[in-house]
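Hello,

Here is the structure I promised to pass on to you.

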Amino acid sequence: MEHLLGIKELSAEKIKEILDRAQYYAKALKDGKWDKQKLKDKVVMTLFFENSTRTVTSFNFAALRLGAEIVNWNASVSSLSKKESFNDTIDTLGSMKPDAIVIRHNEYDAPVKVAERVECPVINAGDSWREHPTQALLDALTMIQEKDTLEGLNVAICGDISHSRVANSNAYLLTKMGANVRFVAPAFFKPEKMPAEGISFYDSMHEGIKDCDVVMMLRIQKERMDKSEVPDDGAYFKEYGLTHERLKVAKPDVLVMHPGPMNRGIEITDALADDPKYSRMTKQVENGVYARMAVLDLLLTR
Ligand code: CP
């Protein structure tokens, strides 16, 4: 693996290797026993052209836990405001010889373009609605920790599928690893084309989450829509919001997940988001550090 640009191009064996390493770090950090200098003398650079709380911070934690230094380039105070082009910005930053670049951008394939211009590994931290590979890895880790395997799991991914890079990366990963993936959404959030074979589509939450092991809710990505396309919050919640009542048709030990940031009262009730019996949102965030440690380790110690 030279870069991590998406899940689509990874084999099931490579995904398993990353998840096994992430599991290793999950346990090692609990025991306090891991090589804290594994990435000593490496410098990781984050380039976030879009806002982030979870991803950018957990990449920082992951790099620091492995002994790497981290440079967080800040788009808002950069020379982009002086009309420096994207390519010139990347060439400039690449010339400083980082050991890895982590990039988030609102343009489709931006990380692929960066990988063509720099000499170091590039990690996609989310590009437009295309892919968010480390999110899918941390989500898979969260499922495996409680369900042991992804093989045969029924996973419903619900909500704004058509604008979601999280849905795409999860669909690629889960289908490659043998899970049964369902997309559950109103017709206006149905993607034009399914990202992978074998995904079933439901426009009813009741039917879509029935007998599921995992229900993953998605945020409505208003920033990727015209104003006229944005549904009314109340009407959307009535049909597609996840509640304790609605969840009764899923398996009794169902896990409720959400990549965040979450819009309480639109995609999910407060009560369910905060119910430790079902909700795994904080576990997902914790696992983000382990998944990103695994990715940095595998890319930087080749
Ligand atoms: N899930 C996720 O990507 O969250 P952030 O936008 O906060 O990084």
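The centres of domain 1 and domain 2, taken over C-alpha atoms, are 25 Å apart. Those domains are 12-131 + 285-300 for domain 1 and 133-280 for domain 2, with bounds from an automatic or database domain assignment. To their contact (heavy atoms within 4.5 Å), domain 1 brings 27 residues and domain 2 brings 25.

Before you go further, please note that this is a predicted model, in which local features need pLDDT of at least 70, side-chain atom pairs count only at pLDDT 80 or more, and totals for chains, interfaces and linings use all residues. Residues are numbered from 1 along each chain as its sequence is written, and side-chain values use heavy atoms, with hydrogens and water left out.

Back to the interface. About 2,100 Å² is buried between domain 1 and domain 2, and carbon and sulfur atoms give 62% of that; buried area here is the accessible area (1.4 Å probe) that two parts lose on being put together, summed over both. On the domain 1 side, Leu19, Glu131 and Asn287 lose the most area to domain 2, together 28% of what that side buries. The rule finds 2 salt bridges across the interface, a salt bridge being a side-chain nitrogen of Lys or Arg within 4 Å of a carboxyl oxygen of Asp or Glu. Elsewhere in my notes, arginine 165 is listed in a salt bridge with glutamate 50, their closest N and O atoms being 2.9 Å apart.

Now the ligand. Around the ligand (a heavy atom within 4 Å) are Ser52, Thr53, Arg54, Thr55, Arg104, His132, Gln135, Pro259 and Gly260. Domain 1 and domain 2 each supply at least three residues of this shell. An oxygen atom of the ligand lies 2.9 Å from an N or O atom in the side chain of histidine 132. A nitrogen atom of the ligand is 2.9 Å from a polar backbone atom of proline 259, and for glycine 260 the corresponding distance from a ligand nitrogen is 3.2 Å.

Best wishes

Terms used:
Polar contact = N/O pair within 3.5 Å; in protein donor to acceptor, adjacent residues only side chain to side chain.
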